[in-house]
Every structure is written in structure tokens, then in C-alpha cells.
Amino acid sequence: MIKDNIAAVRERIDAAAKRAGRDPEEIKLIAVSKTMPVEMLKEAYEAGQRDFGENRVQELVPKMEELPADIRWHLIGQLQKNKVKYISGRTELIHSVDSIGLAQFIDKEAKKRGVVSDILFEVNIAGEESKSGFKPEDVLDAAEQISALDGVRIRGLMTVAPLVENAEDNRIYFRNLKHLYIDMQNKNMDNSMVDTLSMGMSGDFEVAVEEGATMVRVGTAIFGKRSYEIT
Ligand SMILES: *Cc1c(COP(=O)(O)O)cnc(C)c1O
């Protein structure tokens, strides 16, 4: 049952937090519902889950329209500029800002609507060829430029760590992202409130929590295996 899965994941988050001497309440669980039918999201909603992650705008928008208005939607997948208008003002947080150009576009759409969009920068922390995201060494300069935009508010960093058998192999990447996050906080930039570090998925969220994640994005461990994968 989805309800039991959520409770089990939550317990594992709390235990990992305690191991690291952290307050479990600092960590928010995002239920990643991509490819899952709305019935399954409703089941999670009934269990009290309110934060959901989707990675495609064309899937997110119909789900938004069908499900209760108090759900907080997180866009976690690559966002094309021409799709920003469909979600502007409607997401809790966009986790996947991977270029200055995209941030400028989000800013422009937000201003049209008189809103401010909360964003994270996606960082390609392991330097994987196949992944999008800022290079770690480019993040602080990009943040400097994006902090000039008052239609967006910089909330922190996100990463998708490598797919590994042993979650411990990702510890170093989570640790490195945490360091970058602290550097970002110390910059005290305009239009920013750097309080969110989004890292950890079904295979590695406990290690991510031990290394400082404030949000984990968990799909499979809640909803089961996806029947197809989307990128
Ligand atoms: C699919 C996805 C997740 C969840 O992955 P699981 O391994 O199923 O927990 C988390 N983050 C992003 C960006 C994703 O695309």
C-alpha cells in the first residue's frame, strides 16, 4: 500500500536524520509521481502527502487540474523555455534550473503574472556526460547573475546523483553539493533565501539525508517501479 510505503520511507528519513544529529523535521519528502496514474496520487494524498514531484510539464498540468488545490507541485525534470508559461505561478518549486537563460525566462513569465518563482539550480555534481545541470564551478557566478532577477527567488541546489548499486558511492557527491550550498548561503545574494538542498532518490536518500539534504525526491520506494522510464 502506498500509505505504508510513505510511512516506511518517512521512518527511514527520520532515522537517517537522527544518525546525523539532525532534526527530522528539516527534511521534506517529495513523492515523485511521474508516469503514475492520478488514482495513485490520490491514494498518497489521502495518506497525508502534499508535496509531489513531476518531471514533464505536459504530465504535470493535467494532474494539477484534476487533483486538490492544496497540493504543492515540484517540477524536477528538464524544463523547456516554451513550456514555462504553462506552469508559471503554479509550482511550489522548480528544482531543475540548468542555465541562466532558463532563469531569465522564468523571471520574465513570473513578472507578467505578478508572482515570484522559487527555483533551485540543478548541479551536475559528478560531471556526468549524460546529465544536464550547471558544472559545480559555474554555480556561484550563475547565482550572482540570476540574483539580479526579482521575478525569481533562489532557494538552493538540486542534484541527481549517479545511478549506483551502493548508495555509499554517492556520499562524496552529496557532501560536495552541501559544501557548494554553504558557499551559496554565504554569498548573501539579493532575491535569494538559500534554505533548500534537494538530493537523494529511492536508492540513496538515506545517505543524502546524512549529508544534509533538506528535500528528498522519492518515486519507486513509494509508488513501485515505473512501467516506462522518461528522461
Ligand atoms: C524519477 C526521479 C526521481 C525519483 O526516482 P526514484 O529512483 O524512483 O526514487 C527523483 N528525482 C528526479 C529528478 C527524477 O527524475
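In the predicted model, the axes of helix α6, which spans residues 139-146, and helix α7, which spans residues 171-186, come within 10 Å and cross at roughly 35°. The crossing of these two helices is right-handed. On the side of α6, the contact is made by Val139, Leu140 and Ala143, whereas α7 contributes Leu180, Asp183 and Met184. Sorted by class, the residues in this contact comprise five that are nonpolar and one that is charged, with no polar residue taking part. The charged class is represented here by Asp183 of α7, because Asp is counted among the charged residues.

The ligand is surrounded by 13 residues, of which Lys34, Ser202, Arg217, Gly219 and Thr220 are the closest. The shell formed by these residues divides into six nonpolar, four polar and three charged. In the case of Lys34, a polar side-chain atom lies 2.6 Å from an oxygen atom of the ligand, while for Thr220 the separation between a side-chain N or O atom and a ligand oxygen atom is 2.5 Å. The side chain of Arg226 likewise has an N or O atom at 2.9 Å from an oxygen atom of the ligand. Taken alone, the ligand exposes 390 Å², and the protein buries 89% of that area.

Elsewhere in the chain, Gly89 is found in the loop that runs between helix α4 (84-87) and strand β4 (93-97). When residues up to four places away in sequence are not counted, Gly89 touches Val115 and Ser117.

Technical notes. Residues are numbered from 1 along each chain as its sequence is written. This is a predicted model: local features need pLDDT of at least 70, side-chain atom pairs count only at pLDDT 80 or more; totals for chains, interfaces and linings use all residues. Side-chain values use heavy atoms; hydrogens and water are left out. Axes are lines fitted to C-alpha atoms, for helices over the stretch in contact, and angles run from 0 to 180 degrees between N-to-C directions. Helices (H or I, at least four residues) and strands (E, at least two) are DSSP runs, numbered from the N terminus. A crossing is left-handed if the near helix is turned anticlockwise from the far one by less than a right angle, and right-handed if clockwise. Contact means heavy atoms within 4.5 Å. A residue is near a molecule or strand if one of its heavy atoms lies within 4 Å of it. A polar contact is a pair of N or O atoms within 3.5 Å; within protein, one must be able to donate a hydrogen and the other to accept it, and residues adjacent in sequence count only if both atoms are side-chain atoms. Accessible areas come from the Shrake-Rupley method with a 1.4 Å probe; for residues, only the protein chains shown count as cover.
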